[in-house]
Amino acid sequence: MSSNKILNLCKLLNNVSLRKNEPIVSCIFSRNISTTTRKFDLMEFFDDQKNWGANDVKVGRAWKKDEMRLKSNVDLHKLWYVLLKERNMLLTMEQEANEQVQLFPSPERLDKVEESMENLEAVIRERNKAYHELETGETGERPGKHVTSRLGLRYYYKMSEHVVPKHMNTKWQQKYQFYKYDRDVEAFLLKYNEKLYLTKKRKQRRDFNHVIGLLKRFPGMDMEALKQQYPDVDIEKAKHSRKCRGHFEP
Amino acid sequence: MSTRWYPIYQKGGPQLRVFLPNFWMKLIKPPHEQPPNIVQFACSMEMTKYDIKNYLEKIYNVDVVHVRTRIGLGKTKRDPGLGYVVKADDTKYAYVTLPKDQEFKFPDLFPKVSTVEEDYEKTIKQTKDGFKDYLDKNKERPGMPGWFTV
């Protein structure tokens, strides 16, 4: 391990070319280069031995998108496999802890790894999009469109390539049936939309009445915060409501 | 080799490559005794035998001789209140054979099981330390009521 570090330092010094006239800039706040030995083994599925049976494991935070935007594709590719191995390790440890009815220390590690992986994928996707737009003028994303299903409900249909053309592909035709006029579906939609409408209206009325109650109990409330929490409610109207007034003659 | 979407492969097309595989694998303790060179995994449902072999060889640098897989049925149970049936997810298990001369033994991950007395002592110690901290914090301000600072 230590010999590895020395080797790395030597490599670093080799890269820095020093000319005689230039003063050497000394850096006071320098960190040692930390390297870890690569190990390939089935033991990579397990945590460090010192963490076995520990109550908690101290770890840092997840990778942010902005940090990963600074990294090259090669670095991100390597980081992905580090994260993948870490997730496998955590899943293994969690499984074994559950089997033995023991504490799995710091389960938030799993969330952090998942978050890092999501961020990494988002960054890669950004780059992919930019590249495709530059080269082809398209995003290069999986194409899709909004369609109406057999029951008259809208959803996003992700398109994919098929070996058999659409008009010959009976399996695809059976699986993906889109809307065409149907009396029963029309009747269903009428009732369904009515239900949605009533739910919406009830929510509006409930919120309005709730705001009236709030105004009555807390007249000096922060109006901005109220407006932010109930954007659909007309607060001026609520203020002028009869229910909002106290029980006294003005 | 991933659960992501790829363009369809047709003869003569470019080889599909996976740059960011999102499969997971976890090494599990075999419930039944296995030969020393067989390791049991639970893995993503979408993985094939070839995927598992490649995954272990390329990412973990483990020599794989043979892979068998099976899909374990998730357990069903009745909801205690309303009586409807709840089913757990199915799991894919992989039995990976290492070369004859290699062997793997699942390590003992929880070597020390803490006793009740130890737990009790630990709690007492924590409480004492907490009280000491509290006293130290209020040393500079005599006469301040206890509820003043949390």
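**View 1. Lys216(A) touches Lys243(A), Cys244(A), Arg245(A) and His247(A), leaving aside residues up to four places away in sequence.** A contact here means heavy atoms within 4.5 Å. The model is predicted: local features need pLDDT of at least 70, side-chain atom pairs count only at pLDDT 80 or more, and totals for chains, interfaces and linings use all residues. Residues are numbered from 1 along each chain as its sequence is written, chains are lettered from A and ligands numbered from 1 in the order in which they are written, and side-chain values use heavy atoms, with hydrogens and water left out. Lys216(A) sits in helix H6 of chain A. Helices (H or I, at least four residues) and strands (E, at least two) are DSSP runs, numbered from the N terminus. Lys216(A) is partly exposed, at 41% relative accessible area. Buried means under 20%, exposed over 50%, and partly exposed in between (1.4 Å probe, protein chains only). Gly246(A) is 30 residues from Lys216(A) in sequence, yet the two C-alpha atoms are 7.1 Å apart.

**View 2. Positive charge gathers on the surface of chain A at Lys200(A), Lys201(A), Arg202(A), Arg205(A) and Lys237(A).** Helix H6 (residues 183–217) gives the largest share of this patch, 4 residues. Lys201(A) is in helix H6. Its relative accessible area is 30%, so Lys201(A) is partly exposed. Patches take residues with over 30% relative accessible area and no salt bridge; like charges are joined within 9 Å, and nonpolar side chains (Val, Leu, Ile, Met, Phe, Trp, Tyr) within 5 Å. Lys and Arg count as positive and Asp and Glu as negative, while His and the chain ends are not counted. Each charge is placed at NZ of Lys, CZ of Arg, CG of Asp or CD of Glu.

**View 3. Glu108(A), Asp111(A), Glu115(A) and Glu118(A) make up a negative surface patch.** Glu115(A) belongs to helix H4 (residues 108–136) of chain A. Glu115(A) is partly exposed, with 41% relative accessibility.

View 4. Areas come from the Shrake-Rupley method with a 1.4 Å probe; for residues, only the protein chains shown count as cover. Leu153(A) is in the loop between strand E1 (144–148) and strand E2 (154–158) of chain A. At 30% relative accessible area, Leu153(A) is partly exposed.

**View 5. Glu96(A) and Lys29(B) form a salt bridge.** The closest N and O atoms are 3.9 Å apart. This pair crosses between chains: Glu96(A) is in helix H3 of chain A, and Lys29(B) is in the loop between strand E1 (25–27) and strand E2 (38–43) of chain B. A salt bridge is a side-chain nitrogen of Lys or Arg within 4 Å of a carboxyl oxygen of Asp or Glu. Glu96(A) is buried, at 2% relative accessible area, whereas Lys29(B) is partly exposed, at 38%.

**View 6. Arg87(A) touches residues of both chains.** Arg87(A) is in helix H3 of chain A. Its relative accessible area is 8%, and Arg87(A) is therefore buried. In chain A, Arg87(A) contacts Leu110(A), Val113(A), Glu114(A) and Met117(A). In chain B, the partners are Asn22(B), Phe23(B) and Trp24(B). Residues up to four places away in sequence are not counted.

**View 7. Lys58(A) and Asp56(A) pair through their side chains in a salt bridge.** The N to O distance is 3.0 Å. Lys58(A) is exposed, with 73% relative accessibility. Asp56(A) is partly exposed, with 45%. Another pair is Lys50(A) and Asp48(A), with the closest N and O atoms 3.6 Å apart. Lys50(A) is exposed at 67%, and Asp48(A) is partly exposed at 41%. Asp66(A), Arg69(A) and Glu126(A) are linked in a salt-bridge network. Over all chains, the structure holds 16 salt bridges.

**View 8. Ser106(A) and Asn61(B) are non-glycine residues with positive phi.** Most residues other than glycine have a negative phi. Ser106(A) has phi near 50°. Ser106(A) is in the loop between helix H3 (73–99) and H4 of chain A and is buried, at 8% relative accessibility. Asn61(B) has phi of about 55°. Asn61(B) is in the loop between helix H1 (49–59) and strand E3 (66–72) of chain B. At 46% relative accessibility, Asn61(B) is partly exposed.
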